[in-house]
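Me: Could you walk me through reading this structure, one feature at a time? I would like the general idea and then the case at hand.

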Amino acid sequence: MSEASSRLSDRLHGAVALLALWLIGTSPWIAMMRRIPAGAGWLDYAHVATGLLALLVGAAYAWTCSRGGRWRMYFPLTPTQLASVGRDLRGLLRGQVPAAEGGGLFGAIEGLLLLAFIGTAITGAVWFFSQGSAEAIAWRDHHIFAARALIGLLVLHVLTVSLHLLDFVRD
């Protein structure tokens with residue numbers, strides 16, 4: 001990956017992180033069901049606008065992460081790649097921290113997190129564009145499910161990054 005590409009990826013990663021944290025942090029105060037309520041405040045509209053922005057930024061970040069065959073690091077689909085995930089899991093049970101880069105367990109967690117981020121953004125956008133219809137409530141439920149998966153994977157991602165920081169400090 002070139003230096004410019006790496007810088008773009010780092011900036012998009014930061015933007016995705018900030019957008020995710022803001023959207024998760026403000027979601028308890030959002031009061032939408034079938035449509036944006038008549039008395040919606042700025043937080044409701046800001047959540048929708050930021051969610052649509054998250055879809056664009058998330059897609060751009062996914063594109064930068066998957067260029068040049070790098071998608072294999074995040075989505076272990078071959079038997080060899082799946083074996084490295086299994087090796088990392090067994091190593092974790094023995095107290096060994098897996099490698100940060102190069103795929104494996106931590107790369108798979110990052111890939112699932114990125115899919116959950118984009119899935120949350122897509123389900124939110126479809127919910128927004130279907131507002132007022134009979135399907136809006138179903139899309140709301142899909143959005144909530146995707147958001148909960150996003151939160152769980154985000155916690156797991158922060159934990160794995162913390163393990164690497166702890167391992168780095170030990171050395």
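Me: Where is the place of alanine 108?

Reply: Alanine 108 sits in helix α5. Helices here are DSSP runs of H or I with at least four residues, strands are E runs of at least two, and both are numbered from the N terminus. Before going on, a word on the source: this is a predicted model, where local features need pLDDT of at least 70 and side-chain atom pairs count only at pLDDT 80 or more, while totals for chains, interfaces and linings use all residues. Residues are numbered from 1 along each chain as its sequence is written, and side-chain values use heavy atoms, with hydrogens and water left out.

Me: Thanks! Is alanine 108 buried or exposed?

Reply: The general idea is a cut-off on relative accessible area: under 20% is buried, over 50% is exposed and in between is partly exposed, using a 1.4 Å probe and protein chains only. Alanine 108 has a relative accessible area of 12%, so it is buried.

Me: Which residues is alanine 108 in contact with, leaving aside its neighbours within four places in sequence?

Reply: Contact means heavy atoms within 4.5 Å. By that rule, alanine 108 is in contact with Met73, Tyr74, Pro76 and Val85, its neighbours within four places in sequence being left aside.

Me: Let's zoom out. How many helices and strands has the chain?

Reply: There are six helices and zero strands, giving the pattern α-α-α-α-α-α along the sequence. The C-alpha atoms fill a box of roughly 55 × 35 × 35 Å along the principal axes. Of the 171 residues, 36% count as buried. Among contacts between residues at least 6 apart in sequence, 68% join residues at least 24 apart.

Me: How do I read two packed helices, and at what angle do the axes of α4 and α5 cross?

Reply: Two packed helices are described by the angle between their axes and the distance between the axes. Each axis is a line fitted to C-alpha atoms, for helices over the stretch in contact, and angles run from 0 to 180 degrees between N-to-C directions. Here α4 (residues 79–93) and α5 (residues 104–129) have axes that come within 7 Å and cross at roughly 110 degrees. That makes α4 roughly perpendicular to α5; the classes are roughly parallel under 35 degrees, roughly antiparallel over 145, roughly perpendicular from 65 to 115 and oblique for the rest.

Me: Which residues in α4 meet which in α5?

Reply: From α4 come Ser84, Val85, Asp88, Leu89 and Leu92, and they meet Gly104, Leu105, Phe106 and Ala108 in α5. The residues of this contact divide into six nonpolar, two polar and one charged. In that count, Ala, Val, Leu, Ile, Met, Phe, Trp, Tyr, Cys and Pro are nonpolar, Asp, Glu, Lys and Arg are charged, and the others, Gly among them, are polar.

Me: What should α4 span at 1.5 Å a residue?

Reply: The expected span is 1.5 Å times one less than the number of residues. For the 15 residues of α4 that gives 21 Å, and the end C-alpha atoms are 21 Å apart, which agrees. Just after α4, glycine 95 takes a positive phi of about 90 degrees. Helix α1 (residues 3–26) can be read likewise: its 24 residues reach 35 Å from first C-alpha to last, close to the expected 34 Å.

Me: Which residues are buried in α1?

Reply: An α-helix has 3.6 residues a turn, so residues three or four places apart point the same way. In α1 the buried residues are Ser5, Ser9, Leu12, Val16, Leu19, Ala20, Leu23 and Thr26. What covers them includes α2 (42–66) and α5. Threonine 50, in α2, touches Leu19, Trp22 and Leu23, not counting residues up to four places away in sequence. Threonine 50 itself counts as buried, at 16% relative accessibility.

Me: How many aromatic pairs does a search of the whole structure find?

Reply: Rings of Phe, Tyr and Trp (its six-membered ring) pair if their centres lie within 6.5 Å; planes under 30 degrees apart are stacked, over 60 edge-to-face and the rest tilted. The search finds one pair. The rings of phenylalanine 128 and phenylalanine 129 have centres 5.0 Å apart and planes at 70 degrees, so the pair is edge-to-face. Phenylalanine 128 is partly exposed at 24%, whereas phenylalanine 129 is exposed at 63%.
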